[in-house]
Amino acid sequence: DRRAKAESIAGHVLEELRTRRVKHADLYRVLRHWKCTANYSRRKLAEDQEPVESDTFGLVVQQDTREHLHSADTRDYPQIATFLNAYLVAFLGEGNEHFKFTSICVNDSFRCVRHRDRNNEGPSVLVATGTYKNGGSLRWWPTDDGGDLSQLRPEDAMLLRVRRRPTLFNGRKAHEVTHFDGRRVSVTWYCAKNAWKALVALCNKLQALGYRVLQGPEDLRAK
């Protein structure tokens, strides 16, 4: 079971981090064994991929009731969530202490087309790891005004090199992944929609796993 193996390795890495600092290599050491779930709900965002291999840890929003819940992966694989959060905090850098996150999306070799995130709040942080070559950067339009995606000009975009480099960006602005070859595992930390409305018990569980839970919309600082 690849998922159980990844959870076990994450636990070992967390034990090691008691006596050393986290390294970028630790990220792929854990995630190279992770097998993402086949996700058909995101196929519109994929470039010739069906289904998308994707999982969410942390807070999720149930589509029909809009209720906040812990994802099944968070309950079943808490060591992975804890490790990913420890990794982020170690490499996020000074000046970003304000960044709040309740959820983590892990994608395996997802070549996402141009889109805007709709189910999160505030800024996100993205990092990629793996054996991929020839691309895999994030093309992001920071001045996107919400118009026709197809009319955006490449020269107006920023090319964010996210390999082993956690990068803060506003996912509500248009973005896409450039072509790449090989396996690219990406991790995105973000706040779920209206996350401050989640039950206190849920928030306490998230904090115990290293999530930075926000108290209200005033905690969001989109960039």
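1. Helix 2 (residues 24–31) has Asp26, Leu27, Tyr28, Val30 and Leu31 as buried residues, where buried means under 20% relative accessible area, exposed over 50%, and partly exposed in between (1.4 Å probe, protein chains only). The cover over these buried residues includes helix 1 (2–16), helix 4 (78–91), strand 5 (120–130) and strand 10. Helices (H or I, at least four residues) and strands (E, at least two) are DSSP runs, numbered from the N terminus.

2. A word on the basis of these notes. This is a predicted model, in which local features need pLDDT of at least 70 and side-chain atom pairs count only at pLDDT 80 or more, while totals for chains, interfaces and linings use all residues. Residues are numbered from 1 along each chain as its sequence is written, and side-chain values use heavy atoms, with hydrogens and water left out.

3. On the overall fold, the chain has five helices and ten strands. Its radius of gyration is 17 Å, close to the 17 Å that the globule rule gives for 223 residues, so the chain is as compact as a globular protein of that length. The radius is taken over C-alpha atoms, and the rule is 2.2 Å times the number of residues to the power 0.38. Along the principal axes, the C-alpha atoms fill a box of roughly 50 × 40 × 35 Å.

4. Buried residues account for 50% of the 223 residues in the chain. Of the contacts (heavy atoms within 4.5 Å) between residues at least 6 apart in sequence, 78% join residues at least 24 apart.

5. Which residues does Asp73 contact, leaving aside its neighbours within four places in sequence? They are Arg3, Trp34, Asp55, Thr56, Phe57 and Pro78. Asp73 sits in helix 3 (residues 72–76) and counts as buried because its relative accessibility is 8%. With Arg3 there is also a side-chain to side-chain polar contact of 2.5 Å. A polar contact is a pair of N or O atoms within 3.5 Å; within protein, one must be able to donate a hydrogen and the other to accept it, and residues adjacent in sequence count only if both atoms are side-chain atoms.

6. Asp108 belongs to strand 4 (residues 103–108). At 9% relative accessibility, Asp108 is buried. Its side chain makes a polar contact of 3.1 Å with the side chain of Ser109. Beyond neighbours within four places in sequence, Asp108 is in contact with Trp34, Cys36, Glu53, Arg183, Arg184 and Val185.

7. Is Asp181 buried or partly exposed? With 36% relative accessibility, Asp181 counts as partly exposed. This residue lies in the loop between strand 9 (175–177) and strand 10 (184–192). Not counting residues up to four places away in sequence, Asp181 touches Tyr132, Lys133 and Asn134. Thr129 is 52 residues from Asp181 along the chain, and their C-alpha atoms are separated by 13 Å.

8. Pro123 is part of strand 5 and is buried, with a relative accessible area of 5%. Between the C-alpha atoms of Pro123 and Asn170 there are 4.5 Å, although these residues are 47 apart along the chain.
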